[in-house]
Amino acid sequence: MNAVASSLRTQGSASTDTAPLDTSTCFHCSEPLPASAPRIAIDGVEHGFCCEGCAAAAQWIRDARLGDYYRLRSAHGGRVEPAGEALACWDREDILAAHARNVPGGRELVLLTDGMRCAACAWLIDRALMREPGVLEVSANAVTGRIRIAWDPARTPLSRPLQRLVSLGYRPWLATGAEREQARVKERNRALLRLGIAGLGAVQAMMFTEALYLDTNGSMSIPMRDFLRWIAFLVSSPVVFYSGWPFIAGCLRELREYRLGADTLVATSVLLAYGASLFETLTGGPHVWYDAAVMFVFLLLAARMLEQRARSAASARVDALARARPAFAVRERADGSREAIPLEALEAGDIACVAAGDAVPADGTLLAGEAWFEESLLTGESRPVHKRAGDAVFAGTACREAPARMRVAATGVATRLSQLAALVERAQAHRPTIARMADRVAMLFVAALLIVAAIVYAVWHAQAPDRALDVTLALLVISCPCALSLAIPAALASANGALARMGVLPVGPDALDRLARVTGVVFDKTGTLGETTPALASVSTFGGMERDMALRIAAALERDSRHPLAAMFAPFADARVRASDVRTVPGQGVRGTIDGIEWRLGQARFAMDAEDDGALWLASAGESEGARFDVSEAPRADAAEALALLRAQGLSLHLCSGDGEAAVARFADTLGLTDVHARQTPEDKLARVRTLQHEGRIVAMVGDGLNDAPVLAGADVSIAVGDGAALAQRAADLVLATPALHRIPDAIALARRTRRIVRQNLAWAVGWNLVALPIAAMGMVTPWIAALGMALSSLTVTLNALRLARVREGVAA
Amino acid sequence: MTILLLLIPLALVLLVVAIWAFAWAVKQGQFEDLDTPALAILVDDDEAPPQAPRSDQDDA
C-alpha cells in the first residue's frame with residue numbers, strides 16, 4: 001500500500017488521486033496543513049508539513065539518509081511539538097540513580113514513548129539515536145513501546161539523545177513498570193523455551209515410537225524394542241515434566257482447591273499416558289504411548305501460546321500507556337523561580353505550574369486568574385470547564401489554552417484519579433463469576449471416565465485377572481481426552497487471532513466466553529458513541545452575511561489554532577481567504593484581520609459583547625455582519641449502523657453519560673436510544689450496571705474515559721475505545737484499536753460463533769471417545785488403532801476450530 | 001541394525017544441540033520483536049553515511 005502511495009507521489013502533485021494526500025495533510029503526521037505550510041523536498045518530491053516541528057523532523061530524517069522510514073512505515077508519525085520540552089530533568093542525578101542501571105562503559109535506562117506506532121518507528125529510533133555521540137546501545141520495541149538506551153555519561157548527558165527523540169516526535173516517559181515488564185519478558189521466554197523443547201522432543205519421541213508402530217508383525221528383537229522404548233522415555237521425560245509443568249502445576253492447584261478443572265484433565269491424561277508407558281516399558285508389556293503424551297503437550301502449549309500472544313501484546317501496550325502519566329511536575333520555588341521535579345517529590349502545599357496542554361500533576365486549587373480544564377476523561381463532561389481562582393482542579397485532567405498555577409492539596413494515592421483506580425480494582429474483585437465451560441465439561445468427563453475405568457477393571461479382574469491392568473491402562477489412554485482438552489483452547493486461539501485482525505484487542509481472559517452471553521450493552525456518550533471533537537449543528541447569519549463566507553472566514557481564523565473547535569471548520573478552509581494578525585484570546589476566542597476587516601470568533605461575550613448563550617459567534621469589527629454557529633456533539637459516523645446491528649442481535653441498549661440532561665437527551669434522540677441516564681458519576685454508572693445485572697442481564701459496557709473505568713471493570717464484559725484513557729483500557733476486557741463502533745457487533749457475532757464451534761468440538765471429542773471406549777473396554781486395542789484414533793480426534797477439533805480464523809468483512813449478522 | 005547404535009546417540013546429540021541453540025536464541029531476545037528486524041533487512045546500511053547527522057551535532 002505504501003509502495004503504491006509513494007509511486008503515486010513520484011508522479012507529481014498534479015495527480016488528482018494524490019491531491020488530498022499531498023496537499024491537505026502533513027507528510028509526517030497527516031494532520032491538516034495550515035495556510036503557510038513549510039515545504040521540503042524528499043526523494044525529489046516536495047511535501048507540505050503542518051508545523052516547523054514536523055518539517056524539521058522530516059528534514060533531519062532526510063539528511064541522515066533515513067528517508068526509508070517513510071517507505072517502511074505503515075502508520076503516520078505523531079505530530080512533533082515544536083516547543084522544546086524541558087529535558088534537563090532527565091540529567092538529574094536523583095532520577096538517574098533511581099531508574100538507571102550501570103552497564104560496562106556507561107548507564108542504561110528504559111524509556112517509554114507514546115508515539116511508536118509501527119515497526120518503522122522502532123527502526124527509525126534505533127538508527128537515529130545510535131548516531132548521537134556517546135550513545136552505546138539502543139533497542140526500541142514497537143510492540144511494547146519501550147526504548148532501552150545505554151549511554152556514556154562522560155561523553156553526553158542523557159538529555160542530548162532525548163532531545164533528538166523529541167525532535168522526531170517521540171516524547172520520552174519514565175518506564176516505571178520495569179519489574180513487571182521484566183517479569184513478563186521472563187515469563188514469555190520461559191513459555192517459548194517450553195514450547196521449543198516440547199516441539200523438538202515431540203518430534204524425536206515420535207520418531208522412536210514410530211519405529212515401534214511400524215513393526216507390525218513383531219519381527220523386532222526384544223532388546224531392540226526395549227532399547228527404543230527407553231530412548232523414547234529419555235526424550236519424552238523433559239517434555240512431560242519441563243514443558244508440561246504449567247499443566248501439572250495447574251492440576252495440583254485445582255486439587256488443592258478440591259475441584260476438577262481443565263488443567264486436571266490435561267495433566268492426568270499426559271501423566272497417564274507417560275506413566276502407563278513407563279509401566280509397560282518396565283514390565284515388557286504390549287504397547288507404549290510416549291508419543292501421545294508429548295504430542296499432546298506440544299499441541300496444547302502451541303494453542304495456549306497463540307491465544308496469549310494476541311492478548312499479551314495488547315496488554316503490554318495498555319499497561320505501558322497506563323503508566324505513562326507525567327513523570328515530572330514543575331514546582332515554583334519561594335523566590336518565584338521554577339524547577340522540574342519528579343512527580344513523587346511534589347508535596348501538599350507546594351505551588352505547581354501547569355503549561356497549557358499539559359496534564360495536571362496533582363489535586364489542588366487554582367491560585368490566580370482563570371483557566372480551562374478538559375475534564376472529559378474524569379467526568380464525561382464534553383466541553384472544557386472554566387475555573388477561577390479557588391476552584392478545585394484534579395490530577396489527570398488537562399489544562400487548556402492558558403497556563404495555570406495551582407496549590408497542591410493532595411498527591412499520589414489521595415487524588416481523585418487514584419481513587420478511581422482503587423474503585424476499578426474493587427469493582428474487578430466483585431465481578432460476577434461466570435463458570436468457565438471448559439472446567440465444567442472437564443469435571444464431568446474426568447468423573448465419568450474414572451467410574452468407567454473402575455468398572456472395566458473390576459469386570460476384567462473377575463474374568464481375566466492377568467489382563468485387567470493392561471486393558472484399563474489402554475482404556476484410560478485411548479479415551480485420554482486429548483481432543484476434549486484441545487476443543488476449547490484451539491477454538492479460543494483461532495478466535496483471538498481473528499479478533500486481533502479485526503482490530504479488537506482481547507486484553508482480559510475469558511473475554512470471548514463472556515461476550516457470547518451478553519444480553520445488554522451500556523454505552524458511554526462522549527468519546528464512545530459521540531465524536532471527541534464537537535460538530536457544527538446549524539449556522540445562522542445576520543447582516544447580509546452568506547453562510548459559506550462565514551464558514552470560510554471562521555476556517556481562516558481558526559486555521560493555526562489547536563483548539564478542538566478548529567477541526568470543525570477545517571473542511572471549509574479556502575486558500576483565497578487568508579487571515580493575518582491572528583491572535584488567540586485564551587478561553588474566549590480568536591481575532592484576526594481578513595481583507596482589512598477585523599473579525600472576532602468566539603463566545604458571544606467576546607465577539608458581540610452580548611450575553612453568553614453557549615453558541616459560537618463570528619462578528620466583524622462593527623458588528624454589522626456575522627454568524628452564529630450552534631455546536632453540538634455529533635455521533636460517530638458508524639454509531640447508528642452499529643446500534644442497528646446490535647439491536648438485530650437481540651441486545652437491549654442503554655446510554656449512561658456524565659454530561660448534562662439536555663445534551664444527553666438530544667444526543668439519544670438522534671440515535672433512537674430510549675433507556676438514557678444523564679449526570680452519572682462513575683459510582684452511579686457502576687450502580688446502574690449492577691441494577692441491570694440484578695435484573696438478570698449479562699451486561700457489556702462500552703466506554704472510553706477514566707470515569708468509565710470502574711464501570712468497565714464491574715460489567716460482565718467491557719470494551720474500551722482505543723483513543724480513550726489508559727486506565728479505562730486497563731480495566732477493559734477488549735480494546736477497540738480504532739474507534740470503529742461496528743467492530744462491536746462483529747466481535748459479538750464472532751464470540752457467538754466461537755461458542756458454537758466450541759460446542760461442536762466438544763460433541764466431536766465426546767463422540768470419538770464414545771466410539772473408542774467400547775473397543776478399549778473389550779481389550780481389542782492395537783497400537784495403530786490407538787494412534788489413529790487419537791490423531792483423528794485431535795485433528796477433527798483443530799480443523800473445526802480453524803474455521804474461526806477466517807474473518808469475513810461485515811460478519812455482524 | 002548395529003548402525004542404530006551410532007545413529008540414535010547421534011540423533012540425541014543433535015537434539016541436545018538444537019535445544020541449546022533454541023535456548024540461546026530465546027535468551028538473546030531473538031523472539032522479542034519479530035517485526036522491526038524484518039524491516040531492517042530491506043534497507044541498505046551502506047547508503048547511510050554518518051557525515052550527514054554530524055553537521056548539526058558536531059561537538060562530540
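**Entry 1: charges over rings**

I opened with A:Lys525, which lies over the face of A:Phe667, 5.4 Å from the ring centre. For this I counted a charge as sitting over a ring if NZ of Lys or CZ of Arg is within 6 Å of the ring centre and within 35 degrees of the ring normal. I also looked up A:Arg194, whose charged end sits over the ring of A:Tyr242 at 5.1 Å from its centre.

A note on the ground rules: this is a predicted model, in which local features need pLDDT of at least 70 and side-chain atom pairs count only at pLDDT 80 or more, while totals for chains, interfaces and linings use all residues. Residues are numbered from 1 along each chain as its sequence is written, chains are lettered from A and ligands numbered from 1 in the order in which they are written, and side-chain values use heavy atoms, with hydrogens and water left out.

**Entry 2: the two chains**

I took helices (H or I, at least four residues) and strands (E, at least two) as DSSP runs, numbered from the N terminus. Chain A has 29 helices and 29 strands. Chain B has three helices and zero strands, in the order α-α-α along its sequence.

Next came burial, where buried means under 20% relative accessible area, exposed over 50%, and partly exposed in between, with a 1.4 Å probe and protein chains only. Of the 813 residues in chain A, 52% are buried. In chain B, 20% of the 60 residues count as buried.

I then checked contacts, meaning heavy atoms within 4.5 Å. In chain A, among contacts between residues at least 6 apart in sequence, 65% join residues at least 24 apart.

**Entry 3: aromatic pairs**

How many aromatic pairs are there over all chains? My search of the whole structure found 10. Rings of Phe, Tyr and Trp (its six-membered ring) pair if their centres lie within 6.5 Å; planes under 30 degrees apart count as stacked, over 60 as edge-to-face and the rest as tilted.

One that I followed up is A:Trp230 with A:Phe233, an edge-to-face pair at 5.5 Å centre to centre and 90 degrees between the planes. These residues are separated by about one helical turn, because A:Trp230 and A:Phe233 are three residues apart in helix α9 (residues 222–243) of chain A. A:Trp230 is partly exposed, at 37% relative accessibility.

A:Phe233 also pairs with A:Tyr274, and this pair is stacked: 5.9 Å centre to centre, with 25 degrees between the planes. A:Phe233 is in α9 of chain A and A:Tyr274 in helix α11 (residues 262–283) of chain A, so the pair ties together parts 41 residues apart in sequence. A:Tyr274 is buried, at 7% relative accessibility.

I noted that A:Trp230, A:Phe233, A:Tyr274, A:Phe241 and A:Tyr290 form one aromatic cluster.

Two packed helices are described by the angle between their axes and the distance between the axes. I used axes that are lines fitted to C-alpha atoms, for helices over the stretch in contact, with angles running from 0 to 180 degrees between N-to-C directions.

The axes of α9(A) and helix α1 (residues 3–27) of chain B come within 12 Å and cross at roughly 5 degrees. The two helices, α9(A) and α1(B), are therefore roughly parallel to each other. By the scheme I used, angles under 35 degrees count as roughly parallel, over 145 as roughly antiparallel, 65 to 115 as roughly perpendicular and the rest as oblique.

Which residues of α9(A) and α1(B) make the contact? From α9(A) come A:Met224, A:Phe227, A:Leu228, A:Ile231, A:Leu234 and A:Val235, and from α1(B) come B:Leu4, B:Leu5, B:Ile8, B:Leu12 and B:Leu15. By class, this contact of α9(A) with α1(B) has 11 nonpolar, no polar and no charged residues. Ala, Val, Leu, Ile, Met, Phe, Trp, Tyr, Cys and Pro count as nonpolar, Asp, Glu, Lys and Arg as charged, and the others, Gly among them, as polar.

**Entry 4: loops of chain A**

I looked up A:Asp595, a residue other than glycine whose phi is positive, near 50 degrees. A:Asp595 is in the loop between β21 (589–594) and β22 (597–602) of chain A, and is exposed at 74% relative accessibility.

A:Arg679 has a positive phi of about 50 degrees although it is not a glycine. Its loop runs between β26 (675–677) and α25 (682–694) of chain A, and A:Arg679 is exposed at 53% relative accessibility.

Is A:Asp659 buried or exposed? A:Asp659 is buried, at 5% relative accessibility, in the loop between β25 (652–656) and α24 (661–671) of chain A. C-alpha to C-alpha, A:Asp659 and A:Gln680 are 7.5 Å apart in space and 21 residues apart in sequence.
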